[in-house]
Amino acid sequence: MNADRTESIPPRLRLYIEREIIPRYATFDRAHSTAHVRHVIDESLALACEYGADAAMAYTIAAYHDIGMPLGRKEHHLHSAAILRADNSLRQWFSPEQIETMAEAVEDHRASSTAAPRTLYGAIVAEADRELSPETVVRRTLQYGLDHYPEETGFDFHYRRTLEHLTNKYAEGGYMHLTLSSPRNIADLARLRALLSDSAALMSLCRSIWAEETARI
């Protein structure tokens with residue numbers, strides 16, 4: 001994390017989240033790992049700085065955004081928000097109104113949501129959660145498939161699943177949308193859509209990442 005972006009975050013809050021919240025991600029599937037939450041934290045802090053939002057709130061929202069994943073992926077955003085609301089430790093640093101705003105932001109971060117985030121904080125975490133570089137998207141999709149369909153050991157199944165997921169989510173007309181349209185995400189989404197239109201390039205990238213990920217199992 002950039003020191004300039006974290007200097008306004010209470011040290012004891014950072015210590016609490018670093019010790020009690022972020023380590024939980026180490027037990028999640030590889031697509032929602034500690035590396036992912038740290039990426040979302042860094043991007044959230046950068047956007048909070050750009051838009052003049054409260055860094056401590058943005059940091060906390062990002063840290064909790066996927067914390068409910070073990071309770072079910074489909075409604076993980078709701079479970080994550082419930083965990084944030086129920087965490088009495090946060091009341092040392094935030095008012096009830098701030099906690100509710102943060103919980104609503106966590107609820108609003110899902111890419112499949114059909115409604116716009118209710119606040120700037122929801123828009124920030126939603127935008128930060130969009131890791132759209134083609135290599136990252138393909139890797140996380142394959143990682144998720146390998147972790148959740150262990151009985152499927154062949155490349156063809158995972159390639160078909162990856163292609164279907166990428167098409168439904170990221171192609172023109174897909175359900176994923178940008179909330180703040182950061183230049184990084186706009187550029188990466190264009191690259192991802194170009195990859196989707198080049199079946200040979202997509203197949204090659206999938207095979208390369210598949211070989212790397214299966215070698216780790």
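Q: Which residues of H6 are buried?
A: Buried means under 20% relative accessible area (exposed is over 50%, partly exposed in between; 1.4 Å probe, protein chains only). In H6 these are Ile99, Met102, Ala103, Ala105, Val106 and Glu107. This is a predicted model: local features need pLDDT of at least 70, side-chain atom pairs count only at pLDDT 80 or more, and totals for chains, interfaces and linings use all residues. Residues are numbered from 1 along each chain as its sequence is written, and side-chain values use heavy atoms, without hydrogens or water.

Q: What covers the buried residues of H6?
A: Helices are DSSP runs (H or I, at least four residues), numbered from the N terminus. The cover includes helix H4 (55–64), helix H5 (76–86) and helix H7 (120–128).

Q: How many residues does the largest nonpolar core have?
A: A nonpolar core joins buried Ala, Val, Leu, Ile, Met, Phe, Trp, Tyr and Cys residues through side-chain atoms within 4.5 Å. The largest has 42 residues; Tyr64 is among those with the most contacts inside it. H4 gives the largest share, 9 residues.

Q: What is Tyr64 in contact with, beyond four places in sequence?
A: Contact means heavy atoms within 4.5 Å. The partners of Tyr64 include Tyr16, Ile17, Leu84, Leu90 and Val106.

Q: At what angle do H8 and H9 pack?
A: Axes are lines fitted to C-alpha atoms over the stretch in contact; angles run from 0 to 180 degrees between N-to-C directions. Helix H8 (residues 134–148) and helix H9 (residues 155–170) pack at about 125°, axes 10 Å apart. Val138 and Leu142 of H8 are among the residues that meet H9, where His165 and Leu166 are among the partners.

Note on methods
Helices (H or I, at least four residues) and strands (E, at least two) are DSSP runs, numbered from the N terminus.
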